[in-house]
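This report looks at one structure, part by part. Begin with the view below and keep it at hand while reading.

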Amino acid sequence: MSERPLPGAGPPEKRLPVTMERIRSGATPARRVAGRLLKPPPSPFPYTSPTWPDSVPRPPAPRELGVDYDTDWARRYPARVARLLLTELVAKPMVAVLADPHVAGEDRIAHLDGPVVFAANHASHIDTPLLLSVLPEPWRHRTVVAGAADYFFDTKLKAAVLALSINAIPIERRRVSRTSANRAAALLQEGWSLLIFPEGGRSPDGWGQSHQPGAAWLAARTGRAIVPVHVEGTRSILPRHSGRIRPGTTHVTFGRPLQPSSGDNPRDLAAKLEAAVSALADEHDTDWWTARQRAARGTSPGLTGPSGAGTWRRTWALGAPTRRSASTRRWPKP
Amino acid sequence: MRALQVERSLPRFAAARVASAWRAGAGGKVGPLRLADVDPPDLPGADWVRLRPRLSGICGSDLATVDGRSSQWFRPIVTFPFVPGHEIVADTEEGSRVVVEPVLGCAVRGIDPPCNACASGHGHRCERLTGGHLAPGLQTGFCAEVGGGWSGALVAHPTQLHEVPGGWSDEAAVLIEPTACGVHGALAGPTGDDQVAVVIGAGTLGLTVIAALNRLRPDISRIIAVAKHPVQKEMATSLGATMIAAPAELRRAVRRATGSWILDNGQLTGGASLVIDCVGSTESLSDALAVAAPGATIVMVGMPGHISTDLTPLWQREIRLAGAYAYGPEPMAGGRHSFAVAIDLVAQAGLERLLSATYTLDRHSEAIAHAASAGRRGAVKVAFDLRTEKRR
Amino acid sequence: MPRPGFVLEVDRSTPPILTWHGEGFRLERLPPERSRVIYAPEPVAALDDPDQAIQDALLAPLGDSPPLPDLLRAGMRLTIAFDDISLPLPPMQRPDNRQRVIEAVLEMAASAGVDDVVLICALALHRRMTEAELRHAIGDRVYDSFAPHGLLLQHDAEDPDGLVHLGQTDKGEDVEINKRAAESDLIVYVNINLVAMDGGHKSVATGLASYRSLRHHHNVKTMRHSRSFMDQHNSELHTSNWRMGRLIAASGVKVFQIETTLNNDAFPKPMAFLQKREWEWSGRDRAAYIATTKGLGRTPPKLARSIFQSIKAPHAMTGVFAGEVEAVHAATTDAVYAQQLVSVEGQTDVAVFGLPHICPYNVNSIMNPILVMCMGLGYLFNLYRGKPIVRQGGVAILSHPTPWAFHPVHHPSYIDFFEEVLSETTDPIEIEKTYEERFATDEWYRHLYRTSHAYHGVHPFYMWYWGAHALEHLGDVIIVGGEPAAVRRLGFSPASTLTDALEMASDTVGRHPTISHFHCPPIMLADVS
C-alpha cells in the first residue's frame, strides 16, 4: 500500500493527538449513556407490533370499542360519585346558564316507581346534559344514556369520557343489536333507568325523524314504563354541524308514561310513543286541551314536518313563530 | 564467523524471563541470545577436529535457556558465553558428514582413568563434567570452548562423531540426535506384558518416543498419546499411537483403555504401567501421576525444572519416577548405543518429516519464536540452516 | 375451540419467526416466497375430571381385559411399572399423571386386599431417578408408602439376578425382562404417552428389558428402517417391540396397560408467547420476549440452564385408556394424533429446527452435543408421518448453542463416546461395529448405571442410532450458533447465523431452496403428503 498522497492532493494534514472529532464522537460518559438510551432498537419487531402475514386471513378486529365497549366500570361506586359531582356542580349550573330550562309535566311521572325508559326527541348535543339535569331526583343519578355505538364509542378516550360523565352505554342506532339491547334490558332490570332518543340521532334540519323501534322494544321486553319527553329550543343553542353555543331558553315536557302490557306488540308501542311525543310538541306549541283534542283525532302535527315538500318549505315551516319561542331572556330566572 | 551466542547477562536473562512469561520464545528478542561475529574456537587438543555445521536443530532445552527459564542446576556445568546447538549435522574438514553426540564426558576431556560412569560406558552420566582440559560444560552447545551448532564452525572430539550413512539427507540426519533421546526414554521403562503406555507431549521428543515404543517395544500393546494440536495428532497416529487424547481427556482415555474406574476427584483406580513425560511441567507430571497404575514407572524425558505436585500417589501406589537423559547403551536393544538405534529408527519410521522449517542465523528470533510455538503453528522441529554460512 | 395445526407460507409481511436456541430463543427472518412455518395445533381441552376418567377407564377397560378390580385378589403378586424421568417434557406440574393413576390403582389393590405390591420405575438403560424426581412423578403419598420398605424399585438392566429370559421371538430376538415383573401375577403399566412413539408393547418390552434384549431393536438397521419411529405402522422399532410384547404375553405374563395422553400446553403463562403465532403476539408477549431474551443475555449459562430446567409444564390430561395393550394403544395413538397431527404438503429442500433446552435424556441435566444431535436428527426430524419434511439429500439446520459440556454424573459414557468414538468416525454402522460392545460391557459404566444416576454405557450409541435415518437421508447438517469444535466433532458444520447457514446450505441444495421451519415445541407430528 502506498502512503503517498494522490497527485494534486495537498500534503497530508498534520494530526493532533486529540481531535475535535474525537472529542465530539468519543467519549464523554454522559454521551455514551445517552447514546445507548436513544439508540433505536435493533429491529422493529418485537419492539413494535408484528406485521400480519398476507397469507393469513385477519380475524375480525378486536372488538373492544363500539357496541362492545364495556361500561361496567362507569357504574361502580367511584365513577358514580365522580359523575354526581360532575352533574351537580358542573353540568347543572352550565345548563342553567346556557339553556334556561323550563320544565313541565313532572307531575305526570311523580307516581312512577323504579326504572323507566325516557324517550325524547333529539335535536342537539345539549339534549342529554339538559335532560340529565332536569330529571327528577329519584332518576337523575340512576339513569344510563343510550349513545350511538358508532359515534360516541369509536375511540377509547371518547367512550371513557362519555361513560363517565353521562353514564352512556353503546347502542346500535339503526338496528336492534342483540348485544346492546340485551345489555340495556339487563340494566333496566338492575334498576337503572334509560334515557334514549328513539329518533336514532340528532335532527339534520330541525324537524324530527321517524322513530327507531328500540325504545319500545326495550320497554315491552322489560315491562317498564316509557316516559315520552319533548325538548324544545336546544337546536337554536347548538344545532347540528355547528360548534358555536348561543345561550337560549329551552322547554322540557314530560308526558304521561306509557305502560306496556304483556300482550303489547313493540311496533304498536313504538307508534304510540311517536304519537305521544308529537302530542307533547303540540301541547308545547299550542295548549294542553288543543293538543289532546288533536291527538284524540289523530291530527297532531307530525314532528317530522311536511312530507313531500321541498327543502326550503320544510325550513320555512320550521321557522314559523310559535307562542313561546320569542323569548329573548338571556339570564336565568331568579 | 557468525554465531548465536548466549552471554551471561543477568538483566538479559531477567528480561527474557519476563518476556517469555507473556509469550514463549519471546526471549529470543530481548534475552541473552545475540548474533555475534566471533573467532572460530581453537582446537583444544591435537586429536580434535573442526566441524562446519550444515543443520542444527532447536531443542527444548535451548528454548529454556533463551527464555531464561533454565534451572540453576546448570550454572556450574556450563561456561559462558556459549554457542547453543547440540543437534548437529556437520561436515568434517576431510569432507565426511557426521552427527555429533554432544556429551562432553571423560574421554573428550582427556581424563584418564575415566570416572565410574564413563568407565561403564554411560558417558551421559559422567561425573567429571567440569574436569579435564576443557572448560565446564555438560554438552557441546553449553561450553564456551568447543562452540556449538548455531554457528559457522565448532570443534569436536572424534569420539563424539557418528558417521551419517550414505544417501541420507541433512534433514533426516539432524533428527538422529533427538531421536536418540527418544529411544533412550522409550527404552528406559521396565518391560512387561501387554502394557499400556502413555506418552505425554507430542513435540519432537514425544513423537520420537512414540515411534520408538511402537517399533522397539513389542511388550507395549497400546500407546495413548497426549497431543494438543492437529499436526501432532496426525503425526502421533501415523507413528503408532493407538489413541490420541487432549490433555483434559487423558484420564478418561486411560480409564477406557485399562478398564479402571474413576473416583470422585478424578483419580483412576488403575492406570497405565508406563508413563513417559516428554513435557516436564507441573501439569504433565500431575497427569502422569494421575494415570500411572500402582507399581508403574514414570519416565521423565522432557527437561523438568521446578515442579510442585502432590507425590502421595507416588508413595501410596509405589510408582517409580525415572529420569532419561541423553543416550547410552540400551540393554533392551541388545546393548547397542542409542545413536545406532536412532539411526535405524529415523530411516524406518521416516522421521525426516518431523523437520518442519529451517532458518538462517540472521532470522534467529523468528526461528526461536517458531520453535517455541511449533505445535500451535503446525510444526514439530525447527532448525538453523548453516549451509550458506560463510566459513572463515 | 383450539385451532388445528397450521402451515404458514412466508411472505414479505411475515414477522420474524421464533426459533428455539437451547436455553433461549431468537427471532429469525425467513426468506419470503419459498419458506413455510409449521405450527402445532393449539392445546386441546383437558379432561374435566381426570380422577373420574381414570376410574371409568379402570372399570371399563378396552380390548378383552376384565375391569381392573376383577384382576386383583388377595395373596397375588402385583407389580406396578411406570415411565421414568424422560416423560413428559418439560416435566408436568403436580400432580403428575402417574401419581393420579397409581393412586387409583393402589386404592383398588388395597380394597382387594393385595399385599405384595412392588413399584418399578421402567427406566430401561436410562439413569436412575433421584428421590425428588420420583416424588414428583408418583407423589409423596405413594413414595412414602413404598420407598421406605424397599418396595419402590428402579429397573436394573444389569442385575444378573433380577432378569429373566423369556425366550426368543421368531426373528431370533432375545426377550429378557425384569424378573419381579415377569413373575408377578399382574403387571400394571402406567404410561404417559407424550409422543406417538411411546407406549404399547414398547412400555414393557423396552422399559423393563435388558441390554441383551434391547440391542435387537436399538440398532442402526432397525432405526434406518423406522420411517419414522413416530409412526408405529412404518416403524421397525415398533414391529420388533410388538413381536417381543406378544412373546411376553404368550409366556403368561399378564399386563394391564394404562396409557394417558397430555395436551401440548408446554409452557406456563408468563412464557405463553412460546406457543403463539408471532403475528398474534400481544404487547405483553412482546414485552415478555424482550425481557426474557435480554435477561438471558446477562445470565451465566449455568444459571440459565437451571432456570429452564425448573420450568414445569401446565400439561393437562386429555385422555386415559386402560386394558389390553394393543387395544389401549390404538386408542391412545388416536388421542395423540388428535392433538399433534398437522397436515403438511410436500417436502422442502431445507428444514430448520430450533432445539429447545430439553430432550428426553437431559431432564435436570445438560443437553450435551450428542443429545443435540439426537434431539435434532432423532426426535424433531422424525416427528413426521409419511415422508420427512425435508427431501432426500436436503439440509437440516439446527439451532442450538451446542456447548462442549457434559453432565459428569448423568452422562459419563457420553463424554468418552464424544472424545473417543466421534473423533474417529461418525458413521453409525462403523460405530456400532467397532465400539458398541466395549462401551456396553465397560465395568465402570455398569457400576455407575447401577449405583449412581448414570445412563448406561451404551446409551450414547443409541442416541447416535436414533439419528441414523436422518444422517442417511440428509445431504448436510448445519448447526446455527453451535460451538464450532463441538459441532465439527459431531461431523456437522457450524454457522453463526441462520442467514449464513442458508448460504452454506445452498452448496448442497442449490440457490433459492425451499425451506420448512418446524415451530416446535410445542410437540407436533407433521403428516407429510
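How many residues does the contact take from chain B and from chain C? Chain B gives eight residues and chain C gives 13 residues. The model is a predicted one.

The size of an interface is often given as the accessible area lost when the parts come together. Between chain B and chain C, about 1,000 Å² is buried, and carbon and sulfur atoms give 46% of this area. On the chain B side, the residues that lose the most area to chain C are R255(B), R256(B) and W261(B), which together make up 57% of what that side buries.

Six salt bridges are found across the interface of chain B and chain C. One salt bridge joins the side chains of R252(B) and E419(C), with 2.3 Å from N to O. The count of residue pairs in polar contact between chain B and chain C is six, with both residues at pLDDT 80 or more. Helix 10 of chain B, residues 250-258, provides three residues, the largest share of the side of chain B that touches chain C.

## Two domains in chain B

The domain assignment divides chain B into domain 1, made of 2-178 + 345-385, and domain 2, made of 189-323. Taken over C-alpha atoms, the centres of domain 1 and domain 2 of chain B are 28 Å apart.

## Where the two domains touch

In chain B, 16 residues of domain 1 are in contact with 15 residues of domain 2. The area buried between domain 1 and domain 2 of chain B is about 1,400 Å², and carbon and sulfur atoms give 77% of it. L345(B), R353(B) and V380(B) supply 33% of the area that domain 1 buries against domain 2, more than any other three residues.

Helix 3 (60-66) and helix 13 (338-349) of chain B each supply at least two residues of the side of domain 1 that touches domain 2. Helix 13 of chain B gives the most to that side, with three residues.

## Chain A

Chain A has 334 residues, of which 39% count as buried. Its secondary structure comes to 14 helices and seven strands. Chain A exposes about 19,700 Å², with 58% supplied by carbon and sulfur atoms.

Among the contacts in chain A with a separation of 6 or more, 74% are between residues 24 or more positions apart.

Technical notes. Residues are numbered from 1 along each chain as its sequence is written. Chains are lettered from A and ligands numbered from 1 in the order in which they are written. This is a predicted model: local features need pLDDT of at least 70, side-chain atom pairs count only at pLDDT 80 or more; totals for chains, interfaces and linings use all residues. Side-chain values use heavy atoms; hydrogens and water are left out. Helices (H or I, at least four residues) and strands (E, at least two) are DSSP runs, numbered from the N terminus. Buried means under 20% relative accessible area, exposed over 50%, partly exposed in between (1.4 Å probe, protein chains only). Contact means heavy atoms within 4.5 Å. Accessible areas come from the Shrake-Rupley method with a 1.4 Å probe; for residues, only the protein chains shown count as cover. Domain bounds come from an automatic or database domain assignment. Buried area is the accessible area (1.4 Å probe) that two parts lose on being put together, summed over both. A salt bridge is a side-chain nitrogen of Lys or Arg within 4 Å of a carboxyl oxygen of Asp or Glu. A polar contact is a pair of N or O atoms within 3.5 Å; within protein, one must be able to donate a hydrogen and the other to accept it, and residues adjacent in sequence count only if both atoms are side-chain atoms.
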